[in-house]
Amino acid sequence: MALPLDLPAGDPLAPELDAFVAAHGLADRSAALDRAPAFPAAEYRALGDDRWLGLTVRPDRGGRGLTLETAGRVLHRLAYRAGTAFAKLALQPEFCSVLLDHGGAPLEAEWVRPLVAGRRLVGNHLTEPGSGSDARALRTTARRDGDEYVLRGTKSEAAFAVEADAAIVYARVGEAPDGITAFLVPQQLPGIERRAAAVDLGERWQRRGSIEYRDVRLPSAYRLGEEGAGFAYVRPELTRERALLAAIYLGVARASWEETVGHVGGRLAFGRPLADQEAVSFPLVEDGARLDAAALYVERTLRRLDRGEEAEGEAALAKWLATETALTTLDHAVQFHGGRGYSSELPHERRWRDVRSGAIAHGPAEVMHVVAARRLWPRRPPGDPA
Ligand SMILES: Cc1cc2nc3c(=O)[nH]c(=O)nc-3n(C[C@H](O)[C@H](O)[C@H](O)COP(=O)(O)OP(=O)(O)OC[C@H]3O[C@@H](n4cnc5c(N)ncnc54)[C@H](O)[C@@H]3O)c2cc1C
């Protein structure tokens, strides 16, 4: 029987994906990108050429048109074989759904097609020095001036800070507290200053940093959808991507778990295999069960999203559960490989550092709880006891 979140036996996507991973040496490239962080432009293009970018994007736009469930299985397998880097990169068009769903016709040819083809890189600029989890507190403004907007503010923590060709920038238009609007901003426009920040704990290839917008003039055709609708547009994207990221983290952890089970079965200490020590075998047995349980939860969430059911809270919890389960499993992998487990000779410490981002990026773990709690106890207007 196939493991949860694995592609079903006989699915032609599995050998096609495995061949792609092998042809581009993606497992080794992940390790190399950690040692010498850089955006993997060649692999990004290759992902586009072989249609691993835009897994859920319509085929007439260059994607594969997969369901979220099948995309989750592909990403789980890709992460199992080669870590988080290329699985996350494969999701780049999905991370830009606000552009795909709300950009007008002129942006389609110039940005959407090249993005799905791996020829243009589009980032997301939401976080600011003064607002992250509480994104609604953002202060970047976009002032209308004739047929243009004038953008002013600073974004921070952003992936591909100096490499992105364009970014989806969230800015405040007018005074309304929820009046956040999304724009596509080509990053070569005058008035933009970009800086890479300090080296990250993991996922260093993302080369995060900050971007300053100093009265950047942007034609109004680059506004994505309606004024004030930015958060309404990005919310469903966050829900989908949290569930898909969960599949990635579990794939990475599954690889380390299998390697650790093999290792402790053969490594002798005190005259017997490490696996004979219950202090070693019991945590690994538990990790196996937790990985399966979390994968089943993620599968169910993806299926519910495919059916169009409301699953915002579940998707948030899927990311939390997968991150926590994966981090525990990866910590055990480091521990039970001993001194080598702690070193870069083996992949476990890097996998742990990469997955650690899952508790912060795309919404911190605590905020995932807030989102889920809101589903259980919906907010009521003040004074309404019902
Ligand atoms: C690898 C990575 C990639 C990223 N890429 C991007 C990107 O491309 N674009 C972008 O805009 N941003 C990006 N971010 C930023 C990310 O979205 C923010 O870091 C995140 O939303 C948290 O915001 P903050 O850093 O301002 O932390 P804060 O909002 O200051 O929160 C700090 C901590 O406080 C706790 N906390 C916050 N709110 C609550 C609450 N309500 N209840 C309980 N505890 C809480 C959490 O532990 C949280 O981590 C990325 C971050 C990482 C790590």
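Predicted model: local features only at pLDDT ≥ 70, side-chain atom pairs only at ≥ 80, totals over all residues.
**Figure 1**

**Figure 2. Domain layout and the contact of domain 1 with domain 2.** The protein chain is divided into domain 1 (13–102), domain 2 (122–228) and domain 3 (231–376). Between domain 1 and domain 2, the C-alpha centres lie 25 Å apart. Their contact takes 13 residues from domain 1 and 14 residues from domain 2. On the domain 1 side, α2 (26–35), α5 (84–90) and α6 (97–102) each supply at least two residues. Helix α6 gives the most to that side, with 3 residues. The side of domain 1 that touches domain 2 has 10 nonpolar, 2 polar and 1 charged residues.

**Figure 3. Helix α10 against α13.** The axes of α10 (residues 312–336) and α13 come within 8 Å and cross at roughly 150°. That angle makes α10 roughly antiparallel to α13. Their crossing is left-handed. From α10, the contact uses E312, G313, A316, L317, K319, W320 and T323. From α13, it uses A365, M368, H369, V371, A372 and R375. The classes in this contact are 7 nonpolar, 3 polar and 3 charged residues.

**Figure 4. Helix α9 against α10.** Here α10 is shown with another partner, α9 (residues 278–306). The two helices pack at an angle of about 155°, with their axes 9 Å apart. Helices α9 and α10 are therefore roughly antiparallel to each other. The crossing of α9 and α10 is left-handed. On α9, the contact is made by V280, P283, L284, D287, R290, L291, A294, Y297, V298, T301, R304 and L305. On α10, the contact residues are E314, A315, A318, L321, A322, T325, T328, T329, H332 and F336. These contact residues divide into 13 nonpolar, 5 polar and 4 charged.

**Figure 5. Helix α8 against α12.** Which way do α8 and α12 run relative to each other, roughly parallel or antiparallel? The axes of α8 (residues 230–266) and α12 (residues 348–356) come within 10 Å and cross at roughly 165°. Angles over 145 degrees count as roughly antiparallel. Helices α8 and α12 are therefore roughly antiparallel to each other. Their crossing is left-handed. Helix α8 makes the contact through Y249, V252, A253 and S256. Helix α12 makes the contact through H348, R351, D354 and V355. By class, this contact has 4 nonpolar, 2 polar and 2 charged residues.

How values were computed:
Residues numbered from 1 in each chain as written. Axes fitted to C-alpha atoms, helices over the stretch in contact; angles between N-to-C directions. Helix = DSSP H or I, 4+ residues; strand = E, 2+ residues; numbered from the N terminus. Parallel < 35°, antiparallel > 145°, perpendicular 65-115°, else oblique. Left-handed = near helix turned anticlockwise from the far one by under 90°. Contact = placed C-beta atoms within 7 Å. Nonpolar A, V, L, I, M, F, W, Y, C, P; charged D, E, K, R; others polar. Domains from an automatic or database assignment.
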